Amino acid sequence: MIEVQNLSKNYGGNKAVDNISFRAEEGEILGFLGPNGAGKSTTMNILTGYISSTSGSAKIDGIDILDDPIAAKRRIGYLPEYPPLYTDMTVNSYLKFVYELKKCRLPRNSHLNEICELVKISDVGRRLVRNLSKGYRQRVGLAQALVGNPGTLILDEPTVGLDPKQIIEIRSLIKKLGKNHTVILSSHILPEIQAVCDRIVVINKGRIVANEKAGVLAAGLSENLSLKIRVEGSESEVKKLLVGIHQIKRVVALREAEAGVFEYEIEPKKDEDVRREIFKKLSSRNYPLLMMKSNELTLEEVFLKLITGDIYGNVKDEEEGK
Amino acid sequence: MLAIFKRELTAYFTSPIGYVFVAACILTSGIVFYLFSLGQGSTDLTAVFQFMYFVLMIFVPVLTMRLMSEEKRQKADQLLLTAPVSLIGLVTGKFLSAYAVFLLGVIILPIYGIVLSFFVSISWMTLWGNFAGLLLLGGVYAALGLFVSSLTENQMIAAVGSMFLNLVIFLMNALASVIPVQIVSNTLRSISIFDRYIDFTLGMFIVANILFFITVMAIFLFLTVRVLERRRWA
């Protein structure tokens with residue numbers, strides 16, 4: 001379990017992390033989402049005791065990282081942004097070193113073999129870290145975090161540099177680990193967080209802008225969902241028909257998607273479900289309804305909305321500002 | 001601490017640096033032994049040891065230069081600083097690994113004396129005094145080198161920086177003699193490493209001198225710990 005309370009970190013006058021608080025329960029995968037430079041790595045470095053906080057507290061299983069750093073660190077496996085590897089060692093000797101460094105008490109060879117199997121690096125055990133590709137280095141870094149089987153895993157962008165197949169493997173591994181570990185995972189890649197995490201903390205400019213269950217976050221922000229439909233038949237006729245439905249606020253004809261088939265965007269009035277009405281109206285006049293989907297906000301849009309307050313407006317302003 | 005000591009020691013001998021250091025020590029001391037002792041027909045090895053005093057001033061920084069700086073550059077320090085080890089253990093482990101390689105390099109020196117003793121009688125006290133002085137001196141060089149290495153991410157700066165500091169420490173005596181202010185020159189002389197080293201070469205084991213060397217080592221190790229600590233709080 002990780003408990004962060006009112007954590008701040010100042011670099012001179014620059015607030016890298018500004019009064020953030022959150023909790024990650026055991027068996028929960030918490031996703032740390034934010035653009036580059038949002039303070040994700042700084043927060044993780046504070047949690048693992050690599051750097052100090054300016055104020056506030058960070059507790060691992062109830063142990064404050066500043067009060068008893070050694071006991072707290074023993075409970076953490078940390079994969080930093082750049083895997084902390086010694087390029088002059090082989091993978092096996094590196095992991096043995098980490099094993100001894102962490103004063104691990106599990107049976108050594110079987111424990112290390114198990115980890116190598118898990119992250120799929122058994123076949124490079126005798127190679128020098130220097131000669132490994134980025135993907136393998138990343139996995140050796142992950143293996144290092146798993147040594148000693150700590151209850152809490154803190155992973156800073158764990159899938160960077162991996163190929164798509166490896167990304168899927170590592171994600172499923174993290175999901176598996178998340179069942180009996182507390183995992184904090186950072187990323188600026190939204191689908192990744194969406195795919196893996198139970199809870200998402202969105203951070204921007206050192207502040208938390210959202211802290212929700214993964215599903216809630218997307219749904220909560222997508223109030224007034226608009227619909228996209230495709231209907232075969234004369235554009236003006238269909239539009240007239242749709243506007244006639246009283247729950248509908250606005251209809252926009254978008255384009256001709258196929259020959260004779262037009263696409264419309266429909267904005268319903270607040271809290272109205274218009275899907276059945278649309279179907280009934282169209283079928284009564286024999287206009288075939290070929291597609292209907294709700295424009296649920298993707299996490300990308302949710303994210304932009306959260307950090308800028310608006311999906312498009314402020315982003316544009318920022319660009320103009322430059 | 002033990003894990004770090006073992007890793008660093010292995011690292012010295014997986015790269016050429018450990019072999020080069022030991023070979024260079026044995027080669028230079030061998031040449032000097034031939035020139036100053038065998039060539040001169042002298043049984044006193046003090047000149048040989050004193051020559052090593054200067055050679056090690058340059059060699060030991062080469063051993064210590066990468067200890068802290070390289071890790072910082074490669075960001076491997078994140079592993080050590082987030083592992084459940086104390087900073088003192090970390091620094092001591094690194095110091096001891098450099099010291100162990102240093103020992104391998106200088107262990108040959110008393111052997112020259114022992115070889116001589118088969119043919120002529122030698123002054124054992126002088127020999128062991130010289131050796132003890134060199135061992136303590138090596139510790140000071142290693143601790144200082146480690147400290148300088150913790151200040152930079154660049155190995156070359158670490159090496160040149162510690163060589164320079166070693167030189168400054170050596171020159172402290174000469175400096176003291178030209179400073180007219182009594183208090184300053186006395187203070188400089190009292191912390192002079194060379195003066196105390198000379199006592200050893202005369203075969204004198206003075207407890208105060210031994211403690212002095214150990215204190216200097218401890219101070220530099222402590223400073224290294226502080227540098228790591230400070231980096232965390234920066």
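Strands 12 and 13 of chain A form a hairpin with 2 residues between them. In its turn, Gly260(A) has a positive phi of about 80 degrees. Helices (H or I, at least four residues) and strands (E, at least two) are DSSP runs, numbered from the N terminus.

This is a predicted model, in which local features need pLDDT of at least 70 and side-chain atom pairs count only at pLDDT 80 or more, while totals for chains, interfaces and linings use all residues. Residues are numbered from 1 along each chain as its sequence is written, and chains are lettered from A and ligands numbered from 1 in the order in which they are written.

**Domains and pairings.** Chain A is divided into domain 1 (2-220) and domain 2 (227-294). The bounds come from an automatic or database domain assignment. The C-alpha centres of the two domains of chain A lie 48 Å apart.

Two strands pair if DSSP finds at least two bridges between them.

| Strands of chain A | Sense | Bridges |
|---|---|---|
| strand 1 (residues 2-11) and strand 4 (residues 55-60) | antiparallel | 5 bridges |
| strand 11 (residues 227-232) and strand 13 (residues 261-268) | antiparallel | 6 bridges |
| strand 12 (residues 248-258) and strand 13 | antiparallel | 8 bridges |
| strand 6 and strand 7 (residues 152-156) | parallel | 4 bridges |

Val261(A) in strand 13 is the bridge partner of Glu232(A). Val261(A) is also the bridge partner of Glu258(A).

**The antiparallel sheet.** Four strands of chain A make an open sheet, in the order 2-1-4-5, with antiparallel pairing. Strand 2 (14-24) and strand 5 (63-64) of chain A are at the edges with a single partner strand each, so one side of each has no neighbour in the sheet. Within the sheet, Val4(A) has Ala58(A) of strand 4 as its bridge partner. Helix 1 (residues 40-47) of chain A lies across strand 1, strand 2 and strand 4, at about 115 degrees to strand 1. Axes are lines fitted to C-alpha atoms, for helices over the stretch in contact, and angles run from 0 to 180 degrees between N-to-C directions.

**The mixed sheet.** Chain A also has an open sheet of 6 strands, ordered 6-7-8-3-9-10, with mixed pairing. Strand 6 and strand 10 (207-213) of chain A are its edges, each with a single partner strand, so one side of each is left without a neighbour in the sheet. On average, neighbouring strands are turned by 15 degrees against each other, direction ignored. Ile76(A) stands opposite Thr152(A) of strand 7. Helix 1 of chain A packs on this sheet, touching strand 3 (29-33), strand 7, strand 8 (182-187) and strand 9 (199-204). Its direction makes about 150 degrees with that of strand 7. Helix 6 (residues 164-178) of chain A touches strand 3, strand 7 and strand 8, and makes about 150 degrees with strand 8.

**Chain A against chain B.** 23 residues of chain A are in contact with 19 residues of chain B. Contact means C-beta atoms, placed from the backbone, within 7 Å. Helix 2 (69-74), strand 6 (76-79) and helix 3 (91-101) of chain A each supply at least two residues of this side of chain A. By class, that side has 12 nonpolar, 5 polar and 6 charged residues. Ala, Val, Leu, Ile, Met, Phe, Trp, Tyr, Cys and Pro count as nonpolar, Asp, Glu, Lys and Arg as charged, and the others, Gly among them, as polar.

Terms used: Two residues are in contact if their C-beta atoms, placed from the backbone, lie within 7 Å.
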